[in-house]
Amino acid sequence: MGTMCGVTQKVRWAHDLVRLEIVLWDHVDARLKRDHDLPLSSFETLWVLRERETARIGDLARELRITMGGASKLADRVRAAGLIERTTDPGDRRASSLTLTTEGREILAKATLTYDAAVAELLDSAGVTDAEVRATQSVITRLLMSTPPTTA
């Protein structure tokens, strides 16, 4: 990639990508809070657990690319809202197992529709096509797979 006004194209790309993440987060977070009283961070926890019978705090940390301490605090907040259960893992008493509650599954189903609609608003307003979404998703997936998760 070349240079643009003294700033490399890669820096510009990364800078814009970070700004876009903030815009997306703020937009979706506001909609989820308004429609479901559910912060996006809590949705992200439910999303990680959606297809699993159980998960550990370490699984949550790896998926969300946050620290173990951050994942533990996040799980406690989501548990306090009644959306997940946190129990001691019988196979390793030092670890915790996380499972969705019935209420967690129900709110996840409703909130997923809201999340989708909020993202669609942004994509549609910019005229982003389904093909562009698929191509972008491919790049994002490759980048995420090539970088190690947070370990601190």
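## A tour of the salt bridges

Searching the whole structure, a predicted model, turns up nine salt bridges. Let's visit some of them.

Start by selecting Arg31 and Asp35. Both sit in helix 1 (residues 9–36), four residues apart, which is about one turn of the helix. Now colour by accessibility: Arg31 has 15% relative accessibility, so it counts as buried, while Asp35, at 34%, counts as partly exposed.

Is Arg34 buried or exposed? Its relative accessible area is 60%, so Arg34 is exposed.

Next, jump to Arg52 and Glu63. They form a salt bridge too, with the closest N and O atoms 3.1 Å apart. This pair links distant parts of the chain: Arg52 is in the loop between helix 2 (40–49) and strand 3 (55–56), and Glu63 is in helix 3 (residues 57–64), 11 residues apart. Both ends are partly exposed, Arg52 with a relative accessible area of 28% and Glu63 with 48%.

Last stop: Thr101, in the loop between strand 5 (92–100) and helix 5 (102–125). Its relative accessibility is 12%, so Thr101 counts as buried. What does Thr101 touch, leaving out residues up to four places away in sequence? Show Gly82, Leu83, Ile84 and Glu85 to see those contacts.

How values were computed:
Residues numbered from 1 in each chain as written. Predicted model: local features only at pLDDT ≥ 70, side-chain atom pairs only at ≥ 80, totals over all residues. Heavy atoms only, no water. Helix = DSSP H or I, 4+ residues; strand = E, 2+ residues; numbered from the N terminus. Buried < 20%, exposed > 50% of the residue type's maximum accessible area, 1.4 Å probe, protein only. Contact = heavy atoms within 4.5 Å. Salt bridge = Lys/Arg side-chain N within 4 Å of Asp/Glu carboxyl O.
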